[in-house]
Structure formats: structure tokens, C-alpha cells
Amino acid sequence: MAITLGPNQYGKAEVRLVTVRRDGPVHHLKDLTVSTSLRGELAATHLTGDNAGVLATDTQKNTVYAFAKEAPVGEIEDFGLRLARHFVGTQENITGARIKIDEHGWDRIAVGAEPHDHAFSRSGDERRTTAVTVQDGRAWIVSGIDGLTLLKSTGSEFHGFPRDEYTTLAETGDRILATAVTAKWRYQGEDIDWASSHREIRRVMLETFATKHSLSLQQTLYAMGSAVLEARPEVAEVRLSLPNKHHFLVDLSPFGLKNDNEVFYAADRPYGLIEGTILRDDAEDAGPAWDLH
């Protein structure tokens with residue numbers, strides 16, 4: 001039996017990073033999870049234990065902290081580009097870098113209806129994300145949203161699907177539609193106002209979810225992705241993953257009560273997972289942008 005080493009070897013590190021920028025009495029908080037993944041000529045360490053070309057994960061970790069001190073983190077896309085270009089540009093053995101960043105949101109606590117200067121509350125499970133890849137002198141940026149939970153109490157139907165001896169799901173012309181959005185979009189170029197773009201993409205997706213009368217979650221997914229491409233020319237493609245968070249009517253008939261679409265139980269298992277990609281016709285080639293996603 002022949003045993004060979006595959007072509008893709010990576011050295012990875014993951015860092016939790018919190019920074020506080022102190023502009024007088026008003027403080028600005030950044031809470032990130034930063035993952036670095038470096039690709040290169042690393043066969044020797046796997047085959048013989050020769051670590052001459054290995055950039056230790058300890059060094060990767062410390063680089064993240066040092067970069068956060070030397071200059072403001074800023075937008076996570078820019079921070080990822082700085083880190084990726086540093087690793088590729090300073091390490092002869094490293095041919096590519098992937099920096100993945102999750103930004104955890106915090107809101108200022110309101111005191112007397114005014115935002116407090118240095119006290120914050122965690123704003124739920126939603127995270128802003130990015131994955132920056134630098135390789136062969138080019139950069140690719142995939143940003144997104146994770147953990148964004150959405151629900152609308154009407155404006156959704158599901159019927160006309162095949163039925164067989166194993167089908168128990170009732171058809172409905174009026175249901176709760178709920179999901180937890182994982183959205184990733186690939187940018188074209190780097191000269192982009194990242195914060196504004198992210199804010200507007202999020203707004204477009206939410207407005208489309210709210211206003212699109214849905215005959216299926218698949219139809220809603222396509223509408224959300226298409227609306228982003230129509231509104232934001234800097235986006236080449238959108239990938240969406242939407243679990244169907246089912247809400248089932250409770251049978252109240254044993255108690256002599258009628259349930260007019262008012263009382264539900266929310267089931268976390270089982271659920272259907274709907275995924276899809278919406279791609280611009282003239283999109284630039286994706287290159288390695290989606291590797292490791």
C-alpha cells in the first residue's frame with residue numbers, strides 16, 4: 001500500500017481578542033474571534049518532523065494581539081487583509097493565508113435614555129463574519145452574517161408538495177416562517193466601505209424576508225439573495241443557509257378549544273435545512289475564496 005501526503009497542509013491558530021479604544025471618556029469595544037490558517041511548503045514537518053518552515057501557532061496568536069495594539073482594528077475585513085498580507089509577505093515558506101473573523105456585537109447600555117460611555121450589553125447570537133484569503137498576490141474577501149434569527153407570523157404558505165405513505169405534514173396557506181440566517185457573500189474588489197456595505201446588505205435581506213409573500217423557504221432564500229445582488233454591485237455572489245424553524249399548531253380540541261393560528265409549539269428537531277447560491281452572471285472567478293468554508 002502506498003501512502004502519500006495530500007497537497008493541502010495548514011497551520012492554524014484561533015484567538016479571542018477584545019480591544020478597548022479609549023477616546024476620552026467614550027470607549028469603543030471590539031470583540032472578535034480570529035482564526036488564522038496558513039498554507040505553504042509544510043511537507044517536511046509532517047514527514048520528518050523538520051520544523052524549519054513552520055510558523056508556530058503561538059507566533060500567529062501573538063501577531064494578532066500585536067497588530068491590534070499597533071493600529072486600531074477597524075473593520076474586520078481590513079484587519080484580516082493586514083494579517084494575511086503580513087504572514088504571506090514575511091514568511092518565505094507561507095504561500096497563502098486565510099484569516100477568518102467573527103465579530104460579536106455589543107450595544108451601549110442606555111442610562112436615562114442616553115447611551116453610556118463605557119458600559120455594554122451583549123446583543124444576542126448574531127455575528128458579523130469575514131474570511132480573507134491572500135494567495136499569489138491577490139486577495140479574496142467573503143463576508144457575512146451568522147446567527148440572525150428571523151420570524152414572521154403570517155405571509156407564508158407551504159402546499160402542493162408530493163405525498164406518499166410516509167407524509168404526515170399538513171398543507172397550509174398561512175404559517176409562521178422562522179429561520180436562523182447564515183449568509184456569506186463574496187466581494188469583488190477591495191475599495192469598499194465595508195461597514196456601509198454590510199449594513200445595507202443586512203437591511204436588504206431583512207426587508208425582503210419581511211415583505212416577500214413566501215410559498216416556500218426556498219423561494220424566500222432566492223428572493224433574499226437576488227435582492228442583494230440587485231442592490232449591491234460590489235457583491236459577486238451570495239450563499240445562504242436557512243434552517244426551517246418549524247412552529248406547529250397545538251391541538252387544543254381535547255379541551256374544547258379552537259386554535260385559530262394562535263398557539264404553537266416551536267420544534268428544534270427535526271428541521272429542514274435549505275441552502276443555495278445566487279451568482280451574478282458576470283461575477284469574477286471565485287478562485288480560492290470558498291476553500292475551507
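Because the model is predicted, local features need pLDDT of at least 70 and side-chain atom pairs count only at pLDDT 80 or more, while totals for chains, interfaces and linings use all residues; side-chain values use heavy atoms, with hydrogens and water left out.

**Stop 1: the largest pocket**

Select Leu29, Lys30, Glu103, Gly105 and Arg128, which lie nearest the centre of the largest pocket among its 27 lining residues. A pocket here is an open set of points on a 1 Å grid over the protein atoms alone, where a 1.4 Å probe fits and protein lies on both sides within 12 Å along at least five of seven lines; lining residues have an atom within 4 Å of a point. Its volume is about 670 Å³, taken as the space filled by probe spheres set on the points.

Now colour strands S1 (10-23), S2 (26-40), S3 (94-111) and S4 (114-135) with helices H2 and H4 (194-211): each supplies at least two lining residues. Helices (H or I, at least four residues) and strands (E, at least two) are DSSP runs, numbered from the N terminus. S3 gives the most, six residues. By class, the lining holds eight nonpolar, seven polar and 12 charged residues; Ala, Val, Leu, Ile, Met, Phe, Trp, Tyr, Cys and Pro count as nonpolar, Asp, Glu, Lys and Arg as charged, and the others, Gly among them, as polar.

**Stop 2: serine 35**

Staying with S2, click on serine 35. Beyond its neighbours within four places in sequence, serine 35 is in contact (heavy atoms within 4.5 Å) with Ala13, Glu14, Arg98, Ile99 and Lys100. For the next jump, draw a C-alpha to C-alpha line from serine 35 to phenylalanine 209: 31 Å in space and 174 residues in sequence.

**Stop 3: H4 and H5**

Show H4 with helix H5 (residues 217-231), which pack at about 140° with axes 9 Å apart. Axes are lines fitted to C-alpha atoms, for helices over the stretch in contact, and angles run from 0 to 180 degrees between N-to-C directions. On the H4 side, select Ile201, Val204, Met205, Thr208 and Phe209; on H5, Thr220, Ala223, Met224, Ala227, Val228 and Ala231. This contact has nine nonpolar, two polar and no charged residues.

**Stop 4: H2 and H3**

Finally, bring up H2 (residues 57-70) and H3 (residues 76-90), at about 130° with axes 11 Å apart. Gln60, Thr63, Val64, Phe67 and Ala68 in H2 meet Phe79, Arg82, Leu83, His86 and Phe87 in H3. Those residues divide into six nonpolar, three polar and one charged.

Methods. Residues are numbered from 1 along each chain as its sequence is written.
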